[in-house]
Structure formats: C-alpha cells, structure tokens
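Good morning, colleagues. Please look at the structure on the screen while I take you through several of its local features.

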Amino acid sequence: MALNPQQLAAVKHTDTPLLVLAGAGSGKTGVITEKIAYLIEKKQYQPRSIVAVTFTNKAAQEMKSRLSKKLGKDVVRQLSVSTFHRLGLNILRESPEPAGLRKGFTILDQSDAISILKELIREQNCPLEERTAQHMISTWKSAFLTPEQALAAADSDQATSGALLFRDYEQWLRSCNSVDFDDLINLPVQILKTDPQVREQWQGRVRHLLVDEYQDTNVAQYSLMQLLMDKFGALTVVGDDDQSIYSWRGARPDGLITLKDDYPNLRVIKLEQNYRSSQRILRAANAVISHNPHLFEKKLWSDLAIGDELCISVCRHGLDEADWVAGQILMRQYQKKCNFSDFTILYRSNFQSRHFEKALREKNIPYQITGGSSFFDKAEVKDMLAYLKLLVNPDDDTAFIRVVNTPRREIGPNTMMKLGEYARSRSTSLFSASHEMGLETVLSGKPLARVQSFVSWLTLQGDNAERGDAMAVVQGVFDDIHYRDWLETTADTPKQAEKMLASMDELLEWIGRMMVDEDQKDRSLAEIVNRLSLHDMLSRQDDDKPLNAVNLLTLHAAKGLEFPHVYMVGMEEEMLPHKNSIEDEDIEEERRLCYVGMTRARYSLTLTRCRSRQRYGESSLSEPSRFLADLPPEDVVTIGDVGENNEERDRQAGTDALASLREMLSRA
DNA sequence: GCTGCATGCGTTTTT
DNA sequence: CGCATGCAGC
C-alpha cells in the first residue's frame with residue numbers, strides 16, 4: 001500500500017504515544033496494518049508483543065484478514081488482534097483466581113443477565129424494570145463502583161432499589177462462577193491493579209498497543225488500555241470524533257482530548273485525505289456532519305471522481321421500499337456485471353432487515369446478514385448453549401434453571417423453589433446443592449430422585465467433555481436427551497419444527513467448524529462456549545473465496561467497513577434519528593450515525609424513505625429524516641416523490657428489471 | 001403439571 | 001404484527 005506523508009509518519013512513529021485523528025475513509029485500517037508490519041519487519045518486534053484492539057468482532061476479523069494477506073497466517077496467529085472483551089477474557093482465563101473465579105467460568109450475555117435480574121426483582125419485590133436495572137448496574141460497574149458504594153451514594157429510591165439488586169446480582173454471579181460482559185473489562189483491570197505478578201506478566205509482554213476506533217472507548221476500557229501499556233508499551237490510538245456512535249455504552253468522544261492530559265508527550269497526526277468515496281458522496285456527508293460541533297477541526301477532502309448524484313427514493317411503505325431496493329440491486333448487478341456483494345443495505349435497527357430479507361428471497365438474490373443476534377435469541381439455540389455451558393461449568397445456575405426441565409424431567413417450579421432456597425441457605429450453586437445430604441430435609445421421594453438423576457447425568461457428561469473429543473460429547477448429549485424429538489413435539493407447526501431443527505443443525509455445524517483451531521489442534525469445549533458467548537465465530541467462508549451476496553447490516557455494525565454501492569434505508573424521522581433520541585433531544589449522535597453510513601459508500605449512495613410505515617401493525621405516516629434536508633441539492637436526485645403514487649418510478653424500474661430479465665434468459 | 005388461548009406489550013445501536 | 005407472559009381449564 002502506498003502511504004501519504006501523514007500515514008507514513010503515523011507508521012514510523014513507534015516509541016511514544018500517538019493519536020491518529022483519522023477521518024472516514026482516510027486509510028486508518030491501512031495505517032494500523034502497515035504499522036504492525038513495520039514493527040515486526042523493520043523494528044524486529046515479536047508478534048506476540050503487539051496487541052491490537054477493536055470494538056466489534058467484525059472489525060477484528062477484518063483486521064486479521066488484512067494482516068494475513070500482508071504478513072501471512074503464521075505471523076497473524078501469534079499477534080493479539082481482538083475485541084476489548086476478548087482481550088479481557090484472555091487475561092481472566094490465564095489468571096481467574098485473583099478475580100475470585102474458577103476455571104471454566106461462564107460468560108453471561110445480556111439476556112442471561114436480564115433473566116437473573118428478573119428473578120431478583122421478583123424476589124425483592126423491586127419496583128424497577130429489568131432493563132433499567134441492567135443499565136444502572138452496568139454504569140456502576142463501568143465506573144468501578146461496588147454495590148456498597150452504589151448504595152451509599154444512592155440519592156433516590158430508584159437508585160437504592162437498584163443498588164440492592166446490584167448487591168444480589170453480584171452475589172449470584174460469583175456463586176455461579178459467572179461473569180457478565182462488564183466483568184470482562186472490569187475484573188482484568190482489578191487484577192492488573194492489585195496483583196503484581198499478573199501485572200508484571202502482562203506489562204512485560206505488551207510492547208505496542210494499538211486501539212482502533214478509539215473514540216468508542218469507555219472509562220473501564222481506557223483503564224485496561226493504560227494498565228497494559230504502562231511499563232514498556234507504546235501506544236497508537238486511531239479515532240474520529242465524528243464517528244463516535246457508542247456513547248450509550250459509556251464511550252466519551254472527549255477521550256480524544258483527555259488523552260493529551262494523561263500523555264503529555266502525545267503526538268497527534270491528522271489524516272484528512274479520503275481515498276474511498278466520490279466527491280459528491282463526501283460533500284454530502286460533510287454537509288450532514290457540519291451541523292455538529294467538532295472537537296477537532298479537520299477538513300476531509302478527496303481527489304477521486306465527482307461521481308453520480310446521490311439518489312433519494314421515496315416509497316409508499318416498507319414493503320414497497322424493500323421491493324424497490326431489491327429490484328434496483330438485481331437490475332444494477334446485471335447492468336454493471338458486478339457482484340451482489342458490491343451492494344449493501346444499511347439500517348438503523350435490526351428489525352428493519354425483515355422486509356429486505358423477504359424481498360431479496362423472493363427475487364432469488366443471495367444475501368448475508370451481519371449481526372442482529374436473532375440466531376442466539378432463539379429458544380432452541382439458548383437451550384443448547386445452556387447445556388454446553390453446564391458441561392463446562394455445572395455451577396452455572398442460569399443455565400441449570402433453563403434446561404433442568406427442558407426436555408421434561410418432571411422437575412417443576414415447586415421442586416426448583418425448594419432446591420433454590422436450600423442452595424441459597426448453603427450459599428452454593430444448585431448443582432452442588434443437589435449433591436448435599438442435607439437436601440433430603442427439603443426434598444424427598446420422586447422429586448429428589450429426579451433432581452439427583454439429572455445432576456448425575458450432568459456430572460457424567462461433564463467428565464466426558466473434559467476428557468476430550470468434545471464433538472462426540474456434544475452429539476452424545478443431544479442424542480441422549482432426544483432433543484430432536486423434543487423440538488418436534490414442542491413445535492406447534494411442522495414448519496416451525498423444521499425451522500427449529502435447522503437452527504439446531506446450524507449451531508452444531510458452527511461448533512463442528514470451531515472444534516479445530518488455526519493450528520489444527522482441537523479446541524476445548526470451554527473455548528468454544530466462550531466464543532459462542534461472545535458471538536465470536538470464525539467467518540463462515542474462506543477469506544480467499546468471499547460469499548457473493550448482498551450485505552445487510554446496521555449502521556453501527558458498518559463502521560470501519562466500506563462498500564461500492566450503499567442503500568441507506570428508512571431515512572425517516574423516528575427511525576434515523578431514532579425516536580428515543582428525538583425525545584431525549586440528543587440528535588448529535590444520530591447525525592454521526594448518518595455520517596458513518598454515508599461515508600461507507602465508494603461509488604454510489606441511495607437513500608430511501610417511506611411515506612407511511614407499519615408500526616406495531618398500525619399504519620402511520622412518516623416524515624422525511626431531517627438529515628435529508630442537509631444534503632446539497634445539486635448532488636441529489638429525488639425519485640418517486642410525485643404526489644401519492646410512484647408509478648413513474650416503478651414503471652422505470654419495471655422496464656429496467658424486465659430488460660435485465662431478458663438478458664438473463666438469453667444467457668441461460 | 002401441562003396445554004391452550006387471550007391479552008397486552010413492545011423495537012436502538014454491541015460485547 | 002409477533003412475541004411473551006399470564007391465566008383458566010384439563
């Protein structure tokens with residue numbers, strides 16, 4: 001890759017802290033990649049002494065894939081390129097004891113945390129909503145507050161209730177040998193602060209730390225970063241305040257400024273040349289973001305071609321929008337003889353993908369959805385994951401409760417209540433409580449026998465899992481409980497049964513693929529369960545042979561990526577900007593989100609909006625997004641905006657699609 | 001203890 | 001509209 005002077009300076013600045021203020025499309029990922037290569041090849045750094053951190057799995061994968069091309073897979077394997085959470089997990093996994101954890105600890109995802117809170121809220125008769133409580137607790141944890149401190153600082157009834165929940169929640173986690181996502185950052189920070197041995201070990205190892213999308217760092221992640229590079233480490237952080245879109249997760253765009261206070265010798269390099277987007281796209285994006293205040297003055301420019309006008313398509317309703325976009329993609333794919341993977345549909349919220357999936361399926365267009373955890377939300381997937389978690393960590397009460405009676409083992413709420421109370425009185429997990437002789441004081445007869453039979457089965461399977469051939473154990477477990485039969489009987493239509501079985505097979509397939517790691521060695525079941533918990537899977541297909549499919553993803557997930565042709569859909573008030581942001585009068589972040597979306601596009605950018613939209617089944621009118629009004633009129637063509645009908649637009653699209661169809665048939 | 005139906009509820013974004 | 005939870009009936 002040819003580097004411009006600023007990029008080159010950023011690559012060669014290796015010994016002291018460096019902040020790269022990198023505008024969208026200014027080649028920042030390239031700089032990180034080149035810099036890692038430079039450190040290894042020119043500066044003789046050991047690959048394992050370089051740690052690169054990203055915020056999403058997708059970004060980490062992307063970076064690894066680019067490094068592989070540059071340095072080869074053997075080198076990349078030794079590098080540490082991961083999300084902050086994965087890095088924290090690695091620290092915890094090497095030294096769980098100082099954090100009060102044991103080997104095989106469980107990672108709870110958000111929905112696990114919610115169900116624990118739901119249970120605690122019921123127990124405590126607490127007036128809070130689970131989601132509110134979770135957000136409170138997460139905020140406290142990210143600020144390193146203990147439940148006691150939170151309670152002491154509580155200045156309202158709500159905060160007091162929350163702090164009491166927090167106390168029990170933490171107790172629950174510890175007694176289940178479990179951590180939540182916040183703990184994956186917080187506990188490593190605590191360990192590094194308090195355990196000299198672990199600190200020495202990590203600080204001795206890290207010689208250069210690179211943080212991508214630095215503007216998304218929160219206080220806890222920043223602490224982790226500081227601790228890791230405290231001794232010998234040099235630091236490269238790359239960020240853009242205009243692309244800060246995670247403030248809801250505690251990210252502080254002003255972290256770009258406070259960095260100067262913590263590192264007085266910080267060098268700042270700006271990257272202002274955009275190598276990605278056409279002039280028009282860049283101009284339009286700049287026009288949108290110019291309404292925001294800026295921390296740093298920077299003017300992004302490009303010497304690429306002027307490019308086509310941006311297209312705004314006005315549709316009647318959601319189905320029409322999806323249909324039109326799918327039709328356009330089909331048409332343009334044939335006209336331009338390009339790949340389906342050159343097209344990307346971006347939206348604010350995951351649920352918006354539905355209509356587009358349907359429209360693409362109907363037209364037989366291959367597509368690929370990134371993120372949108374719907375797969376992991378499915379009951380059958382959660383159940384299976386709970387079984388696997390239990391094999392690795394039988395003290396995981398959340399998983400225990402989930403599957404103890406799935407499939408039916410005739411262990412009902414009554415039995416579980418008694419078992420739960422007993423376990424709590426002995427401050428132990430449900431699993432180990434089931435082994436205690438004293439349990440016979442609260443349970444007897446058939447209920448007792450059923451519980452004991454379940455835990456001894458679990459013990460047996462867990463022992464098998466530890467001994468190896470994890471795949472055989474996984475298969476064995478689901479065969480043993482006749483999980484396929486259970487899914488079939490529990491589904492209310494044959495069609496649904498089919499879907500559930502398909503999910504089951506998909507998960508098994510994933511697990512099979514994850515069984516073997518990059519070194520062709522067997523991964524432990526624990527490692528696989530961790531990865532599944534972090535939704536960190538290997539990419540479905542080889543890097544060498546990318547899937548030729550239209551990309552569907554949220555604006556958040558698109559950050560850091562680029563695509564030839566982009567469709568930003570649902571450009572309406574209450575969608576983008578989102579309803580809640582309008583209510584909270586916090587539009588700036590939504591504007592940045594819009595900016596991020598627009599700057600993903602290389603050659604063409606199409607924005608769509610609907611006149612009306614089905615919300616909760618009701619149809620209601622939609623207003624155009626305020627961001628559309630900021631686009632320079634000379635760079636935009638609007639279609640379908642004539643009165644109440646789109647006949648002209650559809651006629652045009654229809655004839656074009658027909659021409660494409662003819663061509664397709666003539667080739668066949 | 002389980003199944004079926006009705007009602008009521010809700011949708012940001014990610015690890 | 002689609003899902004989850006809750007209640008009534010078996």
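Predicted model: local features only at pLDDT ≥ 70, side-chain atom pairs only at ≥ 80, totals over all residues.

Pro-577 sits in the loop between strand S13 (563-568) and helix H28 (579-583). Helices (H or I, at least four residues) and strands (E, at least two) are DSSP runs, numbered from the N terminus. The peptide bond that joins Leu-576 to Pro-577 is cis, with omega at about 0°.

Residues are numbered from 1 along each chain as its sequence is written, chains are lettered from A and ligands numbered from 1 in the order in which they are written, and side-chain values use heavy atoms, with hydrogens and water left out.

Let us turn to the backbone angle phi. Gln-44, although not a glycine, has a positive phi of about 60°. Gln-44 belongs to the loop between helix H2 (28-41) and strand S2 (50-54). Asn-177 is not a glycine either, and its phi is positive at about 55°. The loop that holds Asn-177 runs between helix H9 (157-175) and strand S5 (178-179).

Are Gln-44 and Asn-177 buried or exposed? By definition, buried means under 20% relative accessible area, exposed over 50%, and partly exposed in between, using a 1.4 Å probe and protein chains only. Gln-44 has a relative accessible area of 61% and is therefore exposed. Asn-177, at 2% relative accessibility, is buried.

Next comes helix H26, residues 525-533. Eight of the nine residues of H26 are buried, so the helix is mostly covered. Among the buried residues are Leu-525, Glu-527, Ile-528 and Arg-531. After H26 comes His-535, with a positive phi near 55°.

Finally, which residues surround DNA strand C? They are Lys-118, Arg-354, Tyr-616 and Gly-617; a residue is near a strand if one of its heavy atoms lies within 4 Å of it. Of the atoms of DNA strand C within 4 Å of the protein, 36% belong to sugar or phosphate, and the rest belong to bases.

Two polar contacts deserve mention, a polar contact here being a pair of N or O atoms within 3.5 Å. An N or O atom in the side chain of Lys-118 is 3.3 Å from a phosphate oxygen of DNA strand C. A polar backbone atom of Tyr-616 is 3.2 Å from a base nitrogen of DNA strand C.

Notes:
Polar contact = N/O pair within 3.5 Å; in protein donor to acceptor, adjacent residues only side chain to side chain.
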